[in-house]
Structure formats: structure tokens, C-alpha cells
Amino acid sequence: MSVFQALYLVAAALFILALKWMSAPATARRGVISGELGMLLAVIGTLMRHEVVNYQWIVVALLIGAAIGVPLAVLMPMTAVPQRTAISQACGALASALIGTAEYYHRHPTGFIMAALAIEILLGFLTFTASLMAFGKLHEILPSRPITYKGQNFVNLGLFVVAAGIGVTLVINPHQAGLFPAFVVLALTFGVLLIIPIGGADMPTVIALLNSYAGLSASAMGFALDNKLLIIAGALDGSSGLILSIIMCRAMNRSFANVLFGAFGQLQTSAAATEARPVRSASAEEAALILEDARSVVVIPGYGMAVAQAQHKIRELYDILTKRGVDVRFAIHPVAGRMPGHMNVLLAEADVPYDKLVEMDDINSDMAMTDVVLIVGANDIVNPAAQNDPASPIAGMPILNAYKARTVMIIKRGMSAGFAGIDNELYYLPNTLMLFGDARVFVSSLVKEVAATTNA
Amino acid sequence: MNYEFGLYVFMLAAFLGFELIRRVSPLLHTPLMSLTNAIASISVVGAILISGEEHASLLSRVLGFIAVVAATTNLVSGYLITDRMLKMFRKREPKKK
């Protein structure tokens, strides 16, 4: 066994430890260090290999990559984490697709290696454009609504079949090099078409799925290059992305096929135009009085909190209420926000202790004993229609049982429907108070009101 | 090369991945995703091999160069932001600014 192979072996073990330590907040940072060390050993081992003789361009490229990567990580605001993940994913997928392309022209592979390369290139290029599209939608350069047209699924499926067909042809007859550019173009196009019908609220599932594809592409590269480290690291990433997207799908009670081809939220918008029903609204002063008298408060954040950048003001409210002896906790729905765990990161950024962030299954049983539920920028994840109305588009989706609380307060800009485009009966319940206004502005006036009585 | 052996390695790693990820608290799903995203930048190994080869064609060199830049961007930003996120997760007594 040569030195680089020993380093690869240690690197593989370090990646496995990285994921193991990632399971709990107390050891998670050790996991990152382990992952970094593994990557360092992998790079050093590769540079030591006797096949590698030209260093100058590699060093230049490593420096350029680091020069782009550091600001991308350090300057990005936490609310932009989903976008950053998407763009970083696009880079990784592009790298593996380009390596596959270079290998194809350089080695003229056949048989098993060609099959591995075809998978690597297909997944690499489609993940590249799909991640760029996801970035565009998350960053709102592109409309985050799903865009659908007639026969869309037919076009997408047809395109994929043609691409796969060309891939198989290239494996059987690798000398038809003329087909190769067509294969690349089809893979790139498929990535774009795949994301067009996906709406903003489905992004957690899709980002996780793309993460899985990027890993599988790296794994396929491992088969093509006969490199076990690549196979292992790629497989770990592939299974991690897959399991996260399964968790996201379950949290919405939908299937993969439904997320990818269902174009949620487009068809239902017409049904949202119901008659205006009366709602009770309250001012910041009235709401503050109710909060002060409460013994237990549960805050339910949603994507609206991220948009309004309200997390820091919410932490101030948390601080001042906790000081008055109110038990304040946060209920986190798995698909709240735009990527798995999005709300946790934002609240942690605002210095909310993480043991106050409670998962849906653990807090739902406490809802009936909760005095006040304060909903900030969430909608579908608290809509009782998921439980009561079998005809609702979100029927069967697990929700946070906010309606069971003694008082429900909802901070909202206006009466518009949520992402799924359906009305929320929670707004019309007798124990619901609507707090109309921008989330950040409203929460800060709540803080002021509570502070005024605390000091008096 | 022995493909069968590679497929076994893949299968075992995939199952191991499933078991490890299932235990990760939903609290940490975002940093987990950026960590696995950073680990996927292991493709930098392939990129270095392609661009460092002695008899590489111009095409290989150009593609390899871009691939090293892209993979390193993914690698560096992925690890740095994961660590930045995890630093924010504190249990009690948040520090006052």
C-alpha cells in the first residue's frame, strides 16, 4: 500500500466520523474539523501521487477557488444560507461533470468505466443547472412561483429518456463521439426544466435531493477512476441527501413524484378567492398585555420571519418575556423555511438557546396547555385544514396544532393566502387574534410595550 | 479493476450513511447539509488528477483547471459556513452583545 492510499483510507474514516459527530450539537464542531482534516489528507495524498506532475496550474486553481470560497462563506448573511448551499452545490456538480468530460475525451473509455462516466456526467451537469435554477429562485432573481405548462411532465420525461438513451448508446458504442455533446446539452437542459415547476416551499426537498445527486455523481467518478475514497464520500453524501429529502416529503405527507411533478400551489390559487369572513385583530398594546399575562408562550416561525429578518427582534421578545417568568419555547416544523433546519439556524444566529427549539412531535402534545401561540410568518404548517378537510390540497400534512392553544396570535402583512394558495381557517377561529403588520416592526413594538410595563 | 468490489464498497457506505444521518437531530439539518455538501467536493481529487497529468491535452487541462477552481470553491465555502453556523448553536445563557 502506497502512502497516498493510506491517506485516503484515513480520510474515508474521518468523513464517517464527521457525520457521526454531526448528530448532536455538542460534538458537531468536532465533526466539521474531522471533515476538514479528511479533505486535507485527501488533497495532500492526491498531490503526492506520481501521476501528478504539473503543479503550477493546480496551485493557481486551488488559490482561486479559496479566494471565491472564503467570501462566499464569511460574508453571506444567515438568511441566505439556502442560496449559498445551492450555489456551492452547483460548483461541486460542475466539477465532477467537467472531470467526467475530460476523462471521456482523454481516455476513450469503454464498458463499465464508460457507464460510470455517463452517470457521472449526466448527474453532474443536471445538478449544475438545477442548482443554479434553485439559486435563482431562492434569491428571487427568478420567480419563486412554480411555472407550469401543458404537457410539461411529458416533455421532461421524454427529454430524460432521450438523454438516458444516448448514454446507453455511448456505453455500447463509445466511438460515436458525435453524440457526446448532445448528451451534455440534454443533461444541462433537463436540469433547468426539472426546477421550473418547483415552488419556493418545496425547495427544502429539492435542495436535499440535488445534494444527493451531487454525491452520487462523485461516487460514479470513484468507479470511473477506481478510487474508493470517492466512492465512499460520494455514497455518504448521496444517502444523506436522499434521507433528508424523504424526511421533508414525510413532513408534507407527499411523495417524491408529487414534489417533482406535482407543481404544488399552481392549481389551487383559484380556490383561494373565498368570501371575506370577519377576523378579530389586535394592536401591539393589546397583544403585549395578553403575552405578559401568559404563563407559557410558543412561537411558531415560518419563512416570513426570514423574509422580514425578524429573528433578532423575536429573541428580544423571548428575553424580556423570560425575564418576567413566562415560559417561551419555539415550535419548529420540519419544512418551515427554504431548506431543512432553516429556522433553527436563524434563531441560533439570533442567540436563542437551542434547547428552546422544539420539534413538532415533541411540542404538539403541549399545545392544549399553552396560553399563547405566536405565529410569525408561517401559514400552511399551522392550517387545521390539513386535519379537518380531506379535500384540501394539504390534507394529511402533519401540522403544528396551534389552534389548540388558548389564544392564537398571527403576525401577518395582510389576508393573502399561503404558499399552497389555500385559505387558513385558523384566522377565523374565535380564539385567534390577527396582528397586522411587518413581522419585524410588529415584534419590536411588542418588545417596547412589554418593556414599558416591566419597568413601570 | 474489480468493479464488484467497488459496488460492495458503495453499498456499505450508502447504508452507513443512512444509519448515521437518521440520528442527526433535525435541529442540525442545515449544517448537516452544508457539511455533506462540502464532503461531496471530494471530486477535487479527480480534478487534481486530471489537471496534473503529464500528457494531458489542452482540453483536459482547461476542464481540469475549471474543475479544481469549482471544487475548491465548494470545499472552502462549505466547511467555513458549516463551522460558522455551528458556532451559533449555544445551549443556555446566550452571550449579550
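Visitor: Over how many bridges do E1(A) and E4(A) pair?
Guide: E1(A) and E4(A) pair over five bridges, in the parallel sense, where two strands count as paired if DSSP finds at least two bridges between them. The strands here (E, at least two residues) and the helices (H or I, at least four residues) are DSSP runs, numbered from the N terminus. This is a predicted model, in which local features need pLDDT of at least 70 and side-chain atom pairs count only at pLDDT 80 or more, while totals for chains, interfaces and linings use all residues. Residues are numbered from 1 along each chain as its sequence is written, and chains are lettered from A and ligands numbered from 1 in the order in which they are written.

Visitor: Which residue stands opposite A:Leu374?
Guide: A:Leu374 in E4(A) has A:Val299 opposite it. E4(A) also pairs with strand E5 (residues 407–412) of chain A, in the parallel sense and over five bridges, and there A:Ile375 has A:Ile410 in E5(A) as its bridge partner.

Visitor: Are the residues of E4(A) buried or exposed?
Guide: Five of the five residues of strand E4 (residues 372–376) of chain A are buried, so this strand is largely enclosed by the rest of the structure. A residue is buried if 20 or more other C-beta atoms, placed from the backbone, lie within 10 Å of its own, exposed if 12 or fewer do, and partly exposed in between. A:Val372, A:Leu374 and A:Val376 point one way from E4(A), while A:Val373 and A:Ile375 point the other way.

Visitor: In what order do the six strands of the open sheet come?
Guide: The order in chain A is E3-E2-E1-E4-E5-E6, and the pairing is parallel. E3 and strand E6 (432–436) of chain A stand at the edges with a single partner strand each, so one side of each has no neighbour in the sheet. From one strand to the next, the twist averages 25 degrees.

Visitor: And what joins E2(A) to E3(A)?
Guide: Strand E2 (residues 327–332) and E3 of chain A run parallel and are joined by three bridges, and A:Ile332 has A:Glu359 in E3(A) as its bridge partner.

Visitor: New topic: how many residues does each chain give to the contact?
Guide: Chain A gives 99 residues and chain B gives 80 residues, with two residues in contact if their C-beta atoms, placed from the backbone, lie within 7 Å. On the side of chain A that touches chain B, the largest share, 17 residues, comes from H4(A). That side has 60 nonpolar, 26 polar and 13 charged residues, where Ala, Val, Leu, Ile, Met, Phe, Trp, Tyr, Cys and Pro count as nonpolar, Asp, Glu, Lys and Arg as charged, and the others, Gly among them, as polar.

Visitor: What do the buried residues of H3(B) pack against?
Guide: They pack against H2, H3, H4, H8 and H9 of chain A, together with helix H4 (58–88) of chain B. Nine of the nine residues of helix H3 (residues 44–52) of chain B are buried, so this helix is largely enclosed by the rest of the structure.

Visitor: What pLDDT does chain A average?
Guide: Chain A averages 89, and 95% of its residues score at least 70; pLDDT is the predictor's confidence in each residue, from 0 to 100. Over residues 264–273 of chain A, however, the pLDDT is below 50. Where pLDDT is low, the predicted coordinates should not be read in detail. Chain B also averages 89, with 93% of its residues at 70 or above, and the model scores ipTM 0.93 and pTM 0.89.

Definitions and conventions
Axes are lines fitted to C-alpha atoms, for helices over the stretch in contact, and angles run from 0 to 180 degrees between N-to-C directions.
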